[in-house]
Structure formats: C-alpha cells, structure tokens
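Subject: A structure for you to look at

Hi there,

Here is the structure I promised to pass on. Could you open it and keep it beside you while you read my notes?

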Amino acid sequence: MIADLTGKIAIVTGGAQGIGAGICSVLDQQGATVVVADQNEDAAMSTFKQLSNKQSSHLGVDVTDDQSVNAMTKYVISKYGSIDILVNNAGIIGADEWWTREHGNDDDWQNTFDVNVRGVVRCSEAVTPYMLERKYGKQVNIASIAARRGGTLPFYCVTKAAVVNWTQSKAAALASSGINVNAICPGLVWTPMTQRITDHRGNFNPGTLKSGYKDKDEFDALVKAWVPMGREQTPIDIGKVAAFLASDDAKNITGQAFNVDGGIYMN
Ligand SMILES: NC(=O)c1ccc[n+]([C@@H]2O[C@H](COP(=O)([O-])OP(=O)(O)OC[C@H]3O[C@@H](n4cnc5c(N)ncnc54)[C@H](O)[C@@H]3O)[C@@H](O)[C@H]2O)c1
C-alpha cells in the first residue's frame, strides 16, 4: 500500500473541520493513530468519533498558547510514547470580524501571524525534540496558494508565504536527523472557512481576479474559470497528499511545497 501509516502516531492541528477533518480521515484510513487537536473541542470530538481507529483521540489545543501546545505534546507522549507525524493545519483568515474592514488592522496582522505562523513554529518546536530522540519524524505544514501570489487579504497571504519559508528553513535544519518537513498549498477548497468568507464578505476575490464569489454557485463558477483542471479541491484531496508526505514513500522529499490546486500555479 502506498502511504502506509500503520502504527504511526499523528497530531493534526485544526483537525476538527474542513481540510483538517479530511486529513484526519485519510491518515486514519492509512492506518495511523490520529490525535484530532483543535481549539473547538466539541467539533474535535465529533471528527474523532468518525475515525475507525479507536486508539485515536481528540483534545483541545490553542496553537497560539505555549502551555496549551506543551500540554498537547506531553499528552501524546504519555499516551502513545512517540510522535511520528505533525500536520500543522490550524489557520485563520484574519482577526474577528475581519470582513468588516476593507484593509486589515493591527489585529488582523497580529492574530493571523500568531495562528498561521507562530502556531506552526510553536507546534513544530514542541514535537521536534521527541522526533530528534528517535531520528524519525514527518512534519507537514498547510500553507496555501496565497503563498504563491499576493491577493486581496495581504495579512493572510503573507503568513502563508512565511509558512513555505519556515518549511524550507526547518527542513534544512532537520535534514540530517531523519526528519522530513514539507508544505502543501491548497487551492480552492469549500470548507467552513470558505463558507464564512462568502457569508460575510460577499463578492470575495481570493487573488488578483477580475471578479470574486459571494455564494457556492459563484464559487463553482470561479473554479471553472480559474482552475485549469476545472474542478475544486476537497479536504480529502489535501489529506491524500498529506498522507503521502507523512509516509516513508516520501522519505527523499523535504523542504518542498506542493500546490494542490488543479494547475492554478505551476512552479
Ligand atoms: N479552504 C481553502 O480553500 C484553503 C485554501 C488554502 C489553504 N487553506 C488553509 O487550510 C487550513 C484549513 O483551512 P479550512 O478551510 O479547513 O479552515 P476552517 O476554518 O474550516 O478550519 C480551521 C480549523 O482550525 C481551527 N483553529 C483555528 N485557530 C486555531 C487555534 N488557535 N488553535 C487550534 N485550532 C485552531 C478551527 O477551530 C478550525 O477547526 C488553514 O491553514 C487554511 O489557511 C484553506
């Protein structure tokens, strides 16, 4: 089996819904024991309940909080004895009610950086010592095609470019220690995040397009117009790439960022 994760212990941050839930589902199918870690504890529990591996678990974590992340790491180590895989997926678009502001304010810049960049770094630094002990580990960071080209929400796009750069930096630092670090840049995925954007912003333009979308029908039309392969990406699509990168089949891949976007960006 490609991407066999039997017996591996995986943490997925932001695993409760959307892309994170898709990643949890695929890692579960591939045999991993999955820790669904999310600040929304109830939703994390619901996602956990759908997993087939009953050794899996769920817990509340806030990736912006050192104590919370350290507690997550300690919980996983004490329960399972190791951490093989970390998927840094938790992310936000902006501060509360970002959609009410035409231009981002200080909170948009600060809060988005705290979750999307510092959250990734914090979780990575918390698990890396345990991976170094065993000279084994896979870290997969969820960036975005927003990393490839600036768009209408620069406070978001900048954080995703930073995630790609962090991925390269960390991959270089850990390459000789048996730890792979890669990123995925999802394209257009219909999730609660995308739904919220359309609900609140209306006519949201994710890039430098001539028009945006204000509901699922317009999202579908945008997909047809913008995505060369003519279809949206799904949480399961992202989960499949995450599972591959988290597996030993990808052992010679590190420091890379993969666009999973139906051909929008080719680099
Ligand atoms: N949906 C898309 O089209 C798309 C495209 C490119 C990249 N992404 C990225 O994929 C990731 C997931 O996006 P999504 O669309 O599934 O979003 P979503 O809002 O539907 O889900 C994000 C999850 O992260 C959790 N989360 C947020 N802040 C957290 C924190 N501080 N600590 C712990 N958990 C936290 C939320 O509770 C939620 O469960 C994000 O990093 C996002 O930037 C999404």
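First, the ground rules. This is a predicted model, where local features need pLDDT of at least 70 and side-chain atom pairs count only at pLDDT 80 or more, while totals for chains, interfaces and linings use all residues. Residues are numbered from 1 along each chain as its sequence is written. Helices (H or I, at least four residues) and strands (E, at least two) are DSSP runs, numbered from the N terminus.

**The ligand shell**

The ligand is surrounded by 30 residues, where a residue is near a molecule or strand if its C-beta atom, placed from the backbone, lies within 6 Å of it. Gly-14, Gly-18, Gly-91, Thr-191 and Met-193 are the closest. Two or more shell residues come from each of α1 (18-29), α4 (106-134) and α6 (192-201). Sorted by class, the shell holds 14 nonpolar, 14 polar and two charged residues. In that scheme Ala, Val, Leu, Ile, Met, Phe, Trp, Tyr, Cys and Pro count as nonpolar, Asp, Glu, Lys and Arg as charged, and the others, Gly among them, as polar.

**α1 against α8**

Two packed helices are described by the angle between their axes and the distance between the axes. Here the axes are lines fitted to C-alpha atoms, for helices over the stretch in contact, and angles run from 0 to 180 degrees between N-to-C directions. For α1 and α8 (residues 235-245), the angle is about 50° and the axes are 7 Å apart. The pair is therefore oblique (under 35 degrees is roughly parallel, over 145 roughly antiparallel, 65 to 115 roughly perpendicular, the rest oblique).

Two residues are in contact if their C-beta atoms, placed from the backbone, lie within 7 Å. This contact is made up of 10 nonpolar, four polar and one charged residue.

α8 itself is mostly covered, with nine of its 11 residues buried. For burial, the count is of other C-beta atoms within 10 Å of a residue's own, all placed from the backbone: 20 or more is buried, 12 or fewer exposed, and in between partly exposed. Asp-237, Phe-244 and Leu-245 are among the buried residues of α8. The cover over them includes α1 and the strands β4 (85-88), β5 (137-142), β6 (179-186) and β7 (257-260).

Ile-19, in helix α1, is buried, because 29 other C-beta atoms lie within 10 Å. Beyond its neighbours within four places in sequence, Ile-19 is in contact with Asn-89, Ile-142, Pro-186, Val-189, Thr-191, Pro-235 and Ile-238.

**α4 and its two partners**

α4 packs with α5 (residues 154-174) at about 20°, with the axes 9 Å apart, so α4 is roughly parallel to α5. This crossing is also right-handed. Among the α4 residues that meet α5 are Trp-109, Phe-113 and Val-117, and among those on the α5 side are Tyr-156, Val-163 and Trp-166. By class, the contact comprises 10 nonpolar, four polar and three charged residues.

With α3 (residues 66-80), the axis of α4 comes within 10 Å and crosses at roughly 35°, again in a right-handed sense. Asp-66, Val-69, Asn-70, Thr-73 and Ile-77 of α3 meet Arg-122, Cys-123, Ala-126, Val-127 and Tyr-130 of α4. Six of the residues in this contact are nonpolar, two polar and two charged.

**Some single residues**

Most residues other than glycine have a negative phi, and most peptide bonds are trans. Which residues have a positive phi of about 60° without being a glycine? Ala-3 has one, and so does Glu-97. Ala-3 sits in the segment before β1 (9-13) and is buried, with 21 other C-beta atoms within 10 Å. Glu-97 lies in the loop between β4 and α4 and counts as exposed, with 10 C-beta neighbours inside 10 Å.

Lastly, Glu-232 is in the loop between α7 (216-226) and α8. Glu-232 counts as buried because it has 20 C-beta neighbours inside 10 Å. Leaving out residues up to four places away in sequence, Glu-232 touches Leu-188, Val-189, Trp-190 and Val-223. Glu-232 and Trp-190 are 42 residues apart along the chain, with their C-alpha atoms separated by 7.7 Å.

Conventions:
Left-handed = near helix turned anticlockwise from the far one by under 90°.
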